[in-house]
Amino acid sequence: MHPPPTGSGDPQTATVVILRGRLDGPASPAVGQALQDAYAAGAQSLILDCTALEYLSSAGIRVLLLAAQQGKARGGRITLQHVRPHVREVLALTGLLDVLHVESGPGAPPSSRMPRASAALREASERDLQAAIQEIHAHYRTSDDGEVATYIPELSKANPDHFGVCVATTDGRIFSAGDCDQRFTLQSISKPFVFALALEAFGDEQVSRRVGVEPSGDAFNSIELQAGTNRPCNPMINAGAITTTALLHAKHGADTFELLRERLSAAAGRTLELDQAVYESERRTGHRNRAIAHLLLNFGMVHDEAEAALDVYFRQCSILVTCRDLALMGATVANLGRHPVTGAEVFSAPTMKQMLAVMFTCGMYDYSGEWAYRVGVPAKSGVSGGLMAVVNRQIGLATYSPRLDARGNSARGIEACVDLTGRFGLHAFDALNAGSNFLKVLA
Ligand code: GLN
């Protein structure tokens with residue numbers, strides 16, 4: 001446990017708070033409280049003496065940022081003094097040296113470049129990430145909110161207790177907890193990949209004549225097309241995905257499914273199989289999707305062989321993956337289309353940008369806005385309980401838990417992602433996220 005910081009000095013001006021040991025997830029609440037107490041005692045500004053601070057995690061930085069914000073609101077500020085080089089390195093990586101007024105000292109990395117993390121920092125961060133994943137897994141596995149999907153009869157056989165959380169980095173490291181080798185069908189998580197393949201085969205202009213990129217605000221299986229254009233709103237809902245699959249089918253005919261399977265396998269880094277029973281179950285009962293396909297045919301949005309295209313759609317939804325596969329598929333996307341372990345160039349970088357944008361706005365169906373607000377990274381869910389999230393250039397994050405909420409998203413998966421991305425500041429607009437390096441390059 002972190003020893004409580006001690007305060008001293010004139011409360012009317014700056015109060016000195018001494019930070020010691022590790023300022024990480026477990027220590028953060030106590031330190032946060034100590035900083036609050038210092039303000040409450042009348043301090044306007046805080047000087048944080050970091051001589052004895054050995055380790056600072058993203059959770060610790062958040063506490064400091066919060067305190068800085070409070071300081072600013074009262075016309076003061078916080079200043080970090082005597083920061084050790086490896087702690088400074090963490091702050092430099094997030095680009096927050098100025099925001100936190102870190103006094104310059106020996107070993108300060110140049111602020112105009114993003115330095116790479118040292119081996120020690122890497123090791124400490126790896127430990128943190130693995131511990132966080134295990135903690136999150138242990139915490140949310142006790143939640144039994146949501147129901148396993150039954151509208152595809154075969155899916156109802158899933159074990160509702162299965163739960164896996166896995167992170168794959170774009171340099172090929174894997175962190176996991178729980179049932180990460182349990183196989184389940186891809187379902188709607190196939191949709192962004194098929195969209196990417198359609199873009200690569202036909203280009204943006206042709207694809208956008210058939211399918212939009214606007215969030216629908218409706219359920220994934222809604223039978224509705226955009227007024228005026230008769231296009232499905234976006235390729236992440238069933239109508240849009242059937243359309244992109246049909247585009248590919250118009251070009252590749254009977255080879256379409258094998259082609260999709262090959263590319264999805266390359267994204268995962270191993271050969272993915274079809275779950276014949278789930279495929280047949282959906283083919284037998286997928287009347288709603290059949291209705292959608294025929295509506296699309298009626299408006300000329302798909303070619304004449306709508307039934308054959310629908311069959312490919314049912315098969316792509318029935319491709320078997322594990323949570324670990326999903327994390328690696330996400331990492332391939334995060335890595336601009338290149339598999340982090342095999343090195344295979346699966347997709348082109350511009351396609352990944354388009355795919356991620358649509359995942360960001362539409363990937364969680366009618367929960368997409370709230371997801372963007374709470375989690376803030378592109379993601380895609382499927383009704384078998386998989387969820388794949390992508391932190392651009394950094395990681396693929398996957399969860400598997402078949403209990404779904406009312407919108408068809410994995411209930412535990414959502415909470416696990418909110419928690420993990422929150423702890424590590426992965427939200428696209430989090431203060432810890434340095435984002436584009438445009439200005440740094442421009443300078
Ligand atoms: N195969 C499923 C369907 O069409 C996919 C839906 C989903 O995963 N949300 O209903």
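User: Which residues of helix 14 are buried?

Analyst: The buried ones are Ala411, Arg412, Gly413, Ile414, Ala416, Cys417, Leu420, Thr421, Arg423 and Phe424. Please keep in mind that this is a predicted model.

User: Where do helix 4 and helix 14 meet?

Analyst: On the helix 4 side, look for Ala132, Ile136 and Tyr140; their partners in helix 14 are Arg412, Glu415, Ala416, Asp419, Leu420 and Arg423. By class, this contact holds 5 nonpolar, no polar and 4 charged residues. The two axes come within 10 Å and cross at roughly 145°, and helix 4 passes helix 14 in a right-handed crossing.

User: Why is Asp405 called partly exposed?

Analyst: Asp405 has 16 C-beta neighbours inside 10 Å, so it falls in between. You will find Asp405 in the loop that joins strand 11 (395–400) to helix 14 (411–424). Beyond its neighbours within four places in sequence, Asp405 is in contact with Gly146 and Ala411. Ala149 is 256 residues from Asp405 in sequence, yet their C-alpha atoms are 9.6 Å apart in space.

User: And why does Val87 count as buried?

Analyst: The cut-off for buried is 20 or more neighbours. Val87 has 21 C-beta neighbours inside 10 Å, so it counts as buried. Val87 sits in helix 3 (residues 85–94). Setting aside neighbours within four places in sequence, Val87 is in contact with Cys50, Leu53 and Leu56. Tyr55 is 32 residues away from Val87 in sequence and 6.1 Å away in space, C-alpha to C-alpha.

User: Why are helix 1 and helix 2 called roughly parallel?

Analyst: Helix 1 (residues 28–40) packs against helix 2 at an angle of about 15°, with 9 Å between the axes. Angles under 35 degrees count as roughly parallel, and therefore these two helices are described that way. The contact joins Ser28, Val31, Gly32, Leu35 and Tyr39 of helix 1 to Ala59, Gly60, Val63, Leu66, Ala67 and Gln70 of helix 2. Those residues divide into 7 nonpolar, 4 polar and no charged.

User: What makes helix 6 roughly perpendicular to helix 10?

Analyst: Helix 6 (residues 238–252) and helix 10 (residues 306–317) pack at about 115°, and their axes are 9 Å apart. The range for roughly perpendicular is 65 to 115 degrees, so helix 6 is given that description relative to helix 10. The residues making the contact include Ala241, Ile242 and His249 of helix 6 and Leu310, Val312 and Tyr313 of helix 10. By class, the contact has 9 nonpolar, 3 polar and no charged residues.

Definitions and conventions. Residues numbered from 1 in each chain as written. Predicted model: local features only at pLDDT ≥ 70, side-chain atom pairs only at ≥ 80, totals over all residues. Helix = DSSP H or I, 4+ residues; strand = E, 2+ residues; numbered from the N terminus. Buried ≥ 20, exposed ≤ 12 C-beta atoms within 10 Å, placed from the backbone. Contact = placed C-beta atoms within 7 Å. Axes fitted to C-alpha atoms, helices over the stretch in contact; angles between N-to-C directions. Parallel < 35°, antiparallel > 145°, perpendicular 65-115°, else oblique. Nonpolar A, V, L, I, M, F, W, Y, C, P; charged D, E, K, R; others polar. Left-handed = near helix turned anticlockwise from the far one by under 90°.
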